[in-house]
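Good morning, and thank you for coming. Please look at the sequence and the structure as I show them.

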Amino acid sequence: MTFLKRLFSETKAFDEIRFKDGLNIIIGEYETEKGRRGELNGIGKTLIVNLIDLMFLSSASRNLFQQKKFTFLRNHTATLELEIKGESFFIKKEFNKLSKVKLGMNFSKLIEYSIKEAKTILFDNIFGHLDYEGDIYSKYFRDLIIFFIKDDSKISSITNPVNFIHTSKKKGDYLNINLILMNLPNYNFSNAVKINETISVFEDQKTNLIESMEQNGNNYNEIKSEKILLEERIKQYEEQIDFFRINKLYEDLEEEILNLSNDVSSLLKKKHEIEIRLKNLKKSFELKLPEFDKDQVIRIYNEVNKKITPIIKDKLQQVLEFREKLSLNRKNFLNSEIDNLNKQRKEIQEKLIDLDSRRSKLYQKLDEKDALDSIKNIYEKLIKEKEKYEEINTYFKKIDSVELKITEEKVNKSKSEKILKKEISDLKQEREKISSTFLNIVKKTINLQEKITEAFLNIEFFEATRSNEIPLKIEVQVPREDSLGKTRYKLFVYDFTIFIRNIIENRYVPKFIIHDGIFTEMDTLTKVNVLNYIFQESKVRNFQYITTLKSNDLLIEEKMKDELGYNFLPDDYVICRLGDIQEKMFFKNEF
């Protein structure tokens, strides 16, 4: 259970902000003509949200504060104090060392960590006690926390509220995070996604094999046709040899030449396969085991639970020793395999030289005995065609093998989707609760003149028609969502639906949500209804809703005042008041 307590700077880079229960408003007041025209950026509303996101290890915020215009912060620090299970927890950043972060429960004894280490610690503290029937890992920390912190630029880029992580995020990844936040199990969904990914890997392998085949200029179908023609010609040459009649004197020579030719063809095939295996083994040396610092890991667990540190230290030592042994064994194995294959290749090459020498001598004997040139020519053509055929056929065999794996995975995919379909069906009651909460929020916040029937939140299984298609969809719609204001309204309703469901179910997730610029372009009636709804909910449920507003966003037109008004005094819920003159800006600095 995580709440925001305060944001402050020991070095006085900005004035302290204390967060309250319920509605928290960060307001910007524009007094200058430049500010009123919207030509002034940087008074600090969004910067406060960026700074909070920085504390939660956002790389985007880190890049922002590393820009040249923020060099004035170089000797400053910022600290966010959280309340986790009733106790203070501090996150401190030094602007001259943004690749590190200090964490701890005692502000005077904070410990410095790398970003990677800190993600594990913050995940354990903020989400680690989440009772969830599904896959959830520390690597999901940023994808999860980003749901609770959205600045104006992020909100502006979101067209689909379900994909709040990043527009380039894979559908399987962002749907998985939504399932976790909705408290819907993701085991079977994750399995279906993994199968899709496996199919994609095999399809990529097939594509790479085909591209390798096509390097000589011919396309796949042309090479396939060439393979068929080669098979036909080889068959014709073999038939000609079978029916070729020569004197009894040459029969032994003919048989020996044929045997030698077959041996040459077989050895060439083995040689080509060995060269492919050698190429793949050499690539294996490029794979490296990831490095990690044992002492840093111990420090992380020491921060989380001191009692298990000695056990972790001992186990880590064993893991490191095993890891080193495994790495050495793997290298020795690869070197051994490469040496063995090189030896085999050398032996084959020597045999080929010997066979070719013996075959030349036999041809010479045929010539000496005035044998017909035709049989010699047939043998030579047959050998060349077989060599070419084996080179092409090696690729086709590998492609056939990959296609077989794709077929097997598609069977697994079909089975997995049947299980997922049943699971989604069995979760009807849970899905309906989420949809009902969504509609309830819409009813209490939308302009009554708009069609409520156009609003829905559906979580459904569907029959996938493409091999890499995810058979689950989450659809969100509100009335007249094509306008900018309604797009942001849709984001608010979806976010608050998921957020309030977590509050109702008392789940171990953050009890705060931050929306920066969510009310931009929203019509006055909807805006007032939304703020009133948040206020009313905060009276019966324990949460923090932090939002940024311009002072004129709170104004109600004179003609609407008789019918419309706030159920609270907005000024009582302002936690930070910023202005467009330097001393009233967040960092007291205009840029």
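I shall speak about helix packing, then an aromatic pair, then a cavity.

First, the conventions. This is a predicted model, in which local features need pLDDT of at least 70 and side-chain atom pairs count only at pLDDT 80 or more, while totals for chains, interfaces and linings use all residues. Residues are numbered from 1 along each chain as its sequence is written, and side-chain values use heavy atoms, with hydrogens and water left out.

Let us begin with the helices. Helices (H or I, at least four residues) and strands (E, at least two) are DSSP runs, numbered from the N terminus. Axes are lines fitted to C-alpha atoms, for helices over the stretch in contact, and angles run from 0 to 180 degrees between N-to-C directions. Angles under 35 degrees count as roughly parallel, over 145 as roughly antiparallel, 65 to 115 as roughly perpendicular and the rest as oblique.

Helix α7 (residues 171–182) packs against helix α8 (residues 187–213) at an angle of about 175 degrees, and their axes are 10 Å apart. The two helices are therefore roughly antiparallel. In this contact (heavy atoms within 4.5 Å), α7 contributes Gly-172, Leu-175, Asn-176 and Leu-179, and α8 contributes Phe-189, Ser-190 and Val-193. By class, four of these residues are nonpolar, three are polar and none is charged. Here Ala, Val, Leu, Ile, Met, Phe, Trp, Tyr, Cys and Pro count as nonpolar, Asp, Glu, Lys and Arg as charged, and the others, Gly among them, as polar.

Next, helix α14 (residues 428–445) packs with helix α16 (residues 524–540) at about 125 degrees, with axes 8 Å apart. That angle makes α14 oblique to α16.

Now to the aromatic rings. Rings of Phe, Tyr and Trp (its six-membered ring) pair if their centres lie within 6.5 Å; planes under 30 degrees apart count as stacked, over 60 as edge-to-face and the rest as tilted. The count by this rule is 32 aromatic pairs. One of them, Phe-70 with Phe-587, is edge-to-face, at 6.4 Å centre to centre and 70 degrees between the planes. This pair links distant parts of the chain, 517 residues apart: Phe-70 is in the loop between α3 (59–65) and β4 (77–84), and Phe-587 is in the segment after β13 (574–579).

Finally, which residues line the largest cavity? They are Lys-92, Lys-93, Glu-94, Lys-97, Lys-100, Val-101, Lys-102 and Glu-112. A cavity is a set of points, on a 1 Å grid over the protein atoms alone, where a 1.4 Å probe fits but cannot get out; lining residues have an atom within 4 Å of a point.

Definitions and conventions. 1 Å grid on protein atoms, 1.4 Å probe; cavity = no way out; pocket = protein on both sides within 12 Å on 5 of 7 lines; lining within 4 Å.
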